[in-house]
Structures are given as C-alpha cells and as structure tokens.
Amino acid sequence: MSEVRVAGIGLTPFGEYAERTTRELFAEASASAIDDADVARTDVEEVLYGNFLGELSERQGHQGPLMAEAAGVQAPAARYEAACASGSAPVREAVKRIRSGESDVLLVGGAERMTNLTTADATGALATAADDLWEVRAGVTFPSAYALMARAYFDTYGGSREALAHVAVKNHEHALSNELAHQQQAIDVSDVLEAPRISSPLGLYDSCPISDGAAALVLTSESYAEEHGLDASVAITGTGQGGDRLALHDREFLARSPATRRAGERAYDDAGISADEVDVAEVHDCFTIAEVLAIEALDLEPIGEGISAARDCRTTIDGDRPVNLSGGLKAKGHPVGATGTAQIAEIAALLRGDHPNSEYVEDATTALTHNAGGTVATAIVHVLEVVA
Amino acid sequence: MSEQRDHVRDDGFDDWLDAIEDGEPYYLTCSEEHGFLPPRHVCPACGSADVEPAPLPATGILETFTVTSVSTPTFEDDAPYVVAIADFGPVRLTGRVVERDADDVEIGMTVEPDVVSSETSGERVLAFRWCSTSWCC
C-alpha cells in the first residue's frame with residue numbers, strides 16, 4: 001500500500017469576500033498548492049473538489065470540470081458533497097486512490113461562497129444539511145440543532161454557557177497570529193456571554209462566522225515524492241468515516257456524536273495509533289458545543305469532561321494537547337466546502353514548522369483532523385504524521 | 001432559488017400530518033419493534049421490509065429545546081420560536097412548542113403532538129402542546 005504524502009498546501013484568506021466566485025477562489029488556492037508542491041500541472045491525474053452550496057449561492061452545478069479549468073489542469077474532475085464535511089470527503093477518496101496505486105498525483109480541495117447571500121438565505125441554505133421533512137419544516141436551523149445538543153449536554157453531564165464561552169475565547173486567541181483567519185480579534189468570556197442569542201443557549205460568539213474561501217492540497221504517492229525530490233515530510237497515515245441517521249431526533253444520543261467516535265476509531269486503527277499519541281488536533285467547531293462533543297468522541301477527553309478542557313487550559317495554545325491552533329471554524333472561519341481540506345493544510349503546516357503557531361507544537365509528530373457534516377450524520381477523521 | 005409547484009404533497013409526511021390533525025397519530029414499526037417515521041420501504045435500523053403502522057403514544061416527554069431567534073426565510077415572521085425534541089417512546093419527534101412562553105418551557109415537560117400553521121408561509125408545522133396533567137390528552 002502506497003503512503004500518501006502532503007506535497008503542497010494552498011489557502012485563500014477566509015472572510016467576507018462576497019464578490020469572489022468559487023472558481024476564482026479555487027484558482028488562487030490551487031495555484032498556491034501546486035507552487036508549494038513544485039509539481040508539474042501535467043502530472044496531476046485528477047481533481048477532487050468539495051462544495052456544499054454551489055447551486056444555491058452561485059446557481060452552479062457540475063463544478064468538477066470548472067475547478068480543474070480554474071486550476072489550469074487538464075484532468076478528469078468531480079465534486080464531492082457531504083454538507084459541512086464536503087472538504088474532507090475528496091481528501092478521503094484521494095487517499096484511497098493513491099494507496100491503491102491507481103493514482104500518484106491528485107489535486108484535492110474545496111471552496112464555498114456564502115456571504116453573497118443574506119444571513120437569512122445563508123441560514124436557509126445551511127439548513128438543507130438537516131432533514132427537510134422532519135427537522136427544517138419544524139423550524140430547525142443549524143444553530144438551533146446545535147443548541148438542542150448543547151442543552152441536552154448540560155442536562156446530561158452538567159456544564160454552562162460560561163464553560164462553552166472558554167472554547168470561543170481560546171479559538172479566537174489561536175487565530176490572532178493566523179493572517180488567513182476570518183476573525184483575528186481577541187474576545188473574553190463576557191463578550192461571549194453578552195452577545196445576542198441566536199438560538200438559546202447559543203449566542204453569536206458560540207457560532208462560527210459565515211465565510212468565503214478556498215483550500216487545496218497536492219497529494220502524492222511516496223514513490224512519486226521521492227522520485228521527484230519533493231519536500232513532503234508529512235503523510236496522511238489514517239482515514240476513517242462514520243455515519244449516522246440524518247435527523248438528530250433519530251440518534252441514539254442527543255449529547256454525543258457516535259459518527260465521530262466511529263470515524264475516529266477507524267482512523268486510529270488505520271494509522272496504527274491510539275488517541276493518546278495525538279499531539280495536536282483540528283476539530284469541527286462550527287459551534288462551541290461541537291468542539292466539546294468532538295474531543296469527547298475522539299477520546300481526547302473523557303465523556304462529560306470535554307466541557308472543561310478549554311477553561312482548564314488542556315486544549316489551549318500552551319496546553320498539553322492544543323486543539324484548533326488555526327483558530328478553528330470558530331475564528332478562522334467556515335467556508336463550508338473548503339473547511340475539511342483547510343484543516344489538513346493547517347495541520348501539515350503545523351507539523352512542517354511553517355505555521356504561525358508551529359512554535360507551540362515543536363515536538364509534535366502526530367496530529368488529527370475531524371470534519372463533520374450536518375449534526376454529525378457524517379464524520380471524517382484523518383491522522384497525519386511526520387514521516388521524513 | 002427555484003420553487004416547487006404549489007400544493008404538491010409529500011407522500012408519507014403529509015399523510016402523517018393529516019393523521020395528527022385527525023387525532024389518530026401513528027408511527028411505523030418493524031418485526032424487531034424498531035420505531036421510525038414515514039415514508040419507508042424498510043426499517044432504517046434493521047432493513048426489515050415488514051413495516052406496519054402502530055398508534056403513537058398520546059404524550060411525549062420534552063428532552064431538549066431552544067429558543068430560535070435567527071430563522072430561515074420560511075420562518076422569519078414566526079421568530080423567535082421554541083423548537084424541541086420530545087421522546088414518545090418508540091420514536092422521538094422534533095416540533096414547535098406552542099401556547100407556552102419560552103421562559104416556561106422545561107426539559108421533562110409532558111407534551112402532545114398537534115399541527116399549527118407557520119405565520120410566515122402558512123405551511124403546516126408539527127407542534128407540541130403542553131399537557132398540564134397526565135390525563136389531559
């Protein structure tokens with residue numbers, strides 16, 4: 001089985017760029033990734049692209065060929081959609097293709113344009129990740145679905161809005177040095193608690209912003225990287241996906257994420273590691289409660305204790321195992337289709353040593369990314385390791 | 001964005017709302033006694049094609065809720081509103097809590113299902129009414 005190397009990474013700034021089309025955003029990110037990898041465009045065998053809302057925000061379907069064109073690559077291309085996990089679904093597919101020997105060089109990525117929509121229309125577009133008949137028609141939005149989980153968590157395990165606020169404060173602090181982040185702005189606990197409520201108990205600062213942006217990776221086989229003398233020291237050594245019923249009310253638990261647990265177990269097993277070996281993680285914190293549920297399901301924290309991890313500095317920049325050193329979705333931003341790919345790019349940079357926060361994880365060799373779709377009916381986890 | 005033709009029913013879902021309005025709520029169950037909601041050809045838990053309707057328990061218990069202030073465009077005139085998940089035993093349902101101030105909604109409340117109209121669109125919305133006593137429903 002061929003090892004999968006991260007040969008190149010490329011990110012646009014995440015933020016409010018309402019005028020920028022996804023084809024132009026992806027052109028920038030893919031050019032950065034191809035330059036970073038130093039591979040010939042003619043060597044790219046396929047383009048695997050993630051996007052969630054293209055039909056709603058740009059009236060654009062059939063985006064695979066469009067994005068290959070934007071990247072200047074003459075290769076077959078397809079789009080992957082898994083709601084907010086749309087950016088890691090193509091990464092997982094690319095890993096399987098390179099491992100099987102089918103491909104040596106793949107351009108992988110995603111993009112999303114969201115701020116050209118009004119807040120209400122963006123809220124409606126995002127809600128299409130939930131069950132239309134049984135959730136959306138009762139008035140469920142994404143903030144309200146995570147609010148339902150937050151209140152169920154408080155009721156089951158304890159915790160408070162104040163504990164969740166520490167997650168937001170932490171991730172904003174982590175983003176301060178990340179010039180690509182949507183929100184480079186320090187906040188404190190009272191800012192979070194006093195912000196307008198979106199869907200109780202969650203307020204504005206419990207929620208990630210609505211962002212535009214793109215991310216890209218060049219993934220290669222180990223043999224291609226070695227034959228071409230690429231500087232590709234980080235490998236994707238584990239991949240795992242978990243699924244669950246689409247509607248939250250049909251799940252076994254309202255305050256846990258079984259799909260994340262299944263994805264994590266499969267990725268750890270695939271990489272031959274345990275959760276204890278993870279030095280740093282990027283997890284899907286679309287809302288503060290989402291980070292808590294993720295780190296518990298990934299076995300980075302015991303069930304019921306993830307709520308205190310940020311407050312007690314276990315996941316902060318100088319903690320034992322920092323979580324979301326990029327700023328996370330919460331502060332870096334969440335251009336949905338780009339997010340999963342961007343998490344891999346951020347981790348690769350942290351492990352390579354060229355991320356603004358690399359100095360805080362100098363000895364890190366093992367990391368993970370966790371990307372979730374909907375209220376975690378889809379979870380995709382990747383393990384990355386320094387191998388060269 | 002595209003819009004669907006008016007008055008196109010969704011098989012299974014609209015029939016189920018009709019049943020709530022008619023006072024004969026049901027759920028679907030299989031030979032393994034899993035509970036689920038229509039439309040279904042097979043049980044989503046075990047794949048059994050032995051799918052039959054069964055009477056929905058008259059009341060459920062509120063498990064979690066939220067006051068939604070920022071809504072989708074289809075509920076703009078309804079906001080703020082309370083959305084909740086209630087456990088009816090064989091199935092849980094997601095619905096709108098009505099006739100109750102948001103401050104008075106609590107986990108553990110007993111509710112019964114009903115159907116109300118959206119103030120924004122006029123479309124039917126599954127609702128939960130509070131039962132002040134266990135025999136009220």
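## Chain B at a glance

How many helices and strands does chain B have? In this predicted model, chain B comes with one helix and eight strands.

As for dimensions, the C-alpha trace of chain B spans about 45 × 40 × 25 Å along its principal axes. Its radius of gyration is 16 Å, which agrees with the value near 14 Å that a compact globule of 137 residues would have. Some 31% of the 137 residues in chain B count as buried. Looking at contacts in chain B with a separation of 6 or more, 48% come from residues 24 or more positions apart.

## Where A meets B

The contact draws on 30 residues from chain A and 32 residues from chain B. On the chain A side, α5 (119-126), α6 (142-157) and β5 (197-199) each put in at least two residues. The top contributor there is α6(A), with seven residues. Sorted by class, that side of chain A has 15 nonpolar, eight polar and seven charged residues.

Now for the inside. The largest nonpolar core holds 171 residues, and A:M149 and A:L217 touch the most other members. Domain 1 (1-56) and domain 2 (58-137) of chain B both give residues to this core, so the core lies between them.

What does A:L217 touch, leaving out residues up to four places away in sequence? Its partners are A:V6, A:G8, A:I9, A:A33, A:V91, A:V108, A:G109, A:T341, A:I344 and A:A345.

Methods:
Residues are numbered from 1 along each chain as its sequence is written. Chains are lettered from A and ligands numbered from 1 in the order in which they are written. This is a predicted model: local features need pLDDT of at least 70, side-chain atom pairs count only at pLDDT 80 or more; totals for chains, interfaces and linings use all residues. A nonpolar core is a set of buried Ala, Val, Leu, Ile, Met, Phe, Trp, Tyr and Cys residues joined through C-beta atoms within 7 Å. A residue is buried if 20 or more other C-beta atoms lie within 10 Å of its own, exposed if 12 or fewer, and partly exposed in between; C-beta atoms are placed from the backbone. Domain bounds come from an automatic or database domain assignment. Two residues are in contact if their C-beta atoms, placed from the backbone, lie within 7 Å. Helices (H or I, at least four residues) and strands (E, at least two) are DSSP runs, numbered from the N terminus. The radius of gyration is taken over C-alpha atoms; the globule rule is 2.2 Å times the number of residues to the power 0.38. Ala, Val, Leu, Ile, Met, Phe, Trp, Tyr, Cys and Pro count as nonpolar, Asp, Glu, Lys and Arg as charged, and the others, Gly among them, as polar.
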